[in-house]
Each structure stands twice: as C-alpha cells, then as structure tokens.
Amino acid sequence: MMPGPDRRAVGRTTIERGALLFFKGQPGARGCHICDLTDRGARIRTHDLALLPTDFDLTTDNFRTARRCRLVWRDGDFLGVVFEN
C-alpha cells in the first residue's frame, strides 16, 4: 500500500503570531504563539500550560474574531489543532 500525500506540507504557512486561547468555563485567556497555519488548523506553542481541554477558542485580534479549535496532538508546549466549523 502506497502512503498518502504528506498533508502537513500542503498549504502550510509558517508564521510567528501572538494569539490568545479561551477555555469555556474558565475566566480570562492564555497567551500563545501560532507557529504554522493552514485553512484547516494550526501548530501552536503554549507557555507552561499543564492542563488543556480538548475544545477551546483561538483569537489573534483580541476576540473580535475567534476560531473554535479541537486538540489533535500535543508534544510539550506544542499543540496541533484542527479548526471546527
């Protein structure tokens, strides 16, 4: 069986942009940085965030707009998320 195309290399934009994470039921927001971005998701670097829910909101413009995210993978401070509709 032939492996499928490397989806991670398609349409990826490497950026370094500050963002905020908001967790439903918790006050305030947590700072993070977006490292890679596609139309379907992002790779995010957090800062000493020990616990993380699987669903949260992400914004780069102080919540004028926000994207609903679902956690796909985690490796230390790095997260892979998919954008929910």
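Analyst: Among contacts in the protein with a separation of 6 or more, residues 24 or more positions apart account for 42%. A contact means heavy atoms within 4.5 Å. The model is predicted: local features need pLDDT of at least 70, side-chain atom pairs count only at pLDDT 80 or more, and totals for chains, interfaces and linings use all residues. Residues are numbered from 1 along each chain as its sequence is written, and side-chain values use heavy atoms, with hydrogens and water left out.

The protein has zero helices and six strands. Both are DSSP runs numbered from the N terminus: helices are H or I with at least four residues, strands are E with at least two. The six strands close into a barrel, ordered 1-2-3-6-5-4, with antiparallel pairing. From one strand to the next, the twist averages 45°. Axes here are lines fitted to C-alpha atoms, for helices over the stretch in contact, and angles run from 0 to 180 degrees between N-to-C directions.

Now the pairs. Two strands pair if DSSP finds at least two bridges between them. Strand 1 (residues 13-22) runs antiparallel to strand 2 (residues 30-37), joined by seven bridges. In that pair, Thr13 stands opposite Leu37. Strand 2 and strand 3 form a hairpin with three residues between them, and four bridges join these antiparallel strands. Asp36 stands opposite Arg43 of strand 3. Arg43 also stands opposite Gly80 in strand 6. Strand 3 (residues 41-45) and strand 6 (residues 78-83) are antiparallel and share five bridges.

Next, the core. Buried residues make up 27% of the 85 residues. Buried means under 20% relative accessible area, exposed means over 50%, and partly exposed lies in between (1.4 Å probe, protein chains only). The largest nonpolar core has 15 residues. Such a core is a set of buried Ala, Val, Leu, Ile, Met, Phe, Trp, Tyr and Cys residues joined through side-chain atoms within 4.5 Å. Leu21, Ile44, Phe56, Leu58 and Val81 have the most contacts inside this core. At least two residues each come from strand 1, strand 2, strand 3, strand 4 (55-59) and strand 6. Strand 6 gives the most, with three residues.

Take Ile44 in detail. Leaving out residues up to four places away in sequence, Ile44 touches Cys32, His33, Ile34, Leu58, Asp77, Phe78, Leu79 and Val81.

Leu79 is the next stop. Leu79 sits in strand 6 and counts as buried, at 0% relative accessibility. With residues up to four places away in sequence not counted, Leu79 touches Ala42, Arg43, Ile44, Thr46, Leu52, Leu71, Trp73 and Arg74. Leu79 and Ala42 lie 37 residues apart along the chain, and their C-alpha atoms are 8.1 Å apart.

Last, the cysteines. The structure holds zero disulfides; the criterion is a pair of cysteine sulfur atoms within 2.5 Å. For Cys35, the nearest cysteine sulfur is that of Cys32, 8.8 Å away. Cys69 also has the sulfur of Cys32 as its nearest, at 8.7 Å. Cys35 is buried, with a relative accessible area of 8%. Cys69 is buried too, at 0%.
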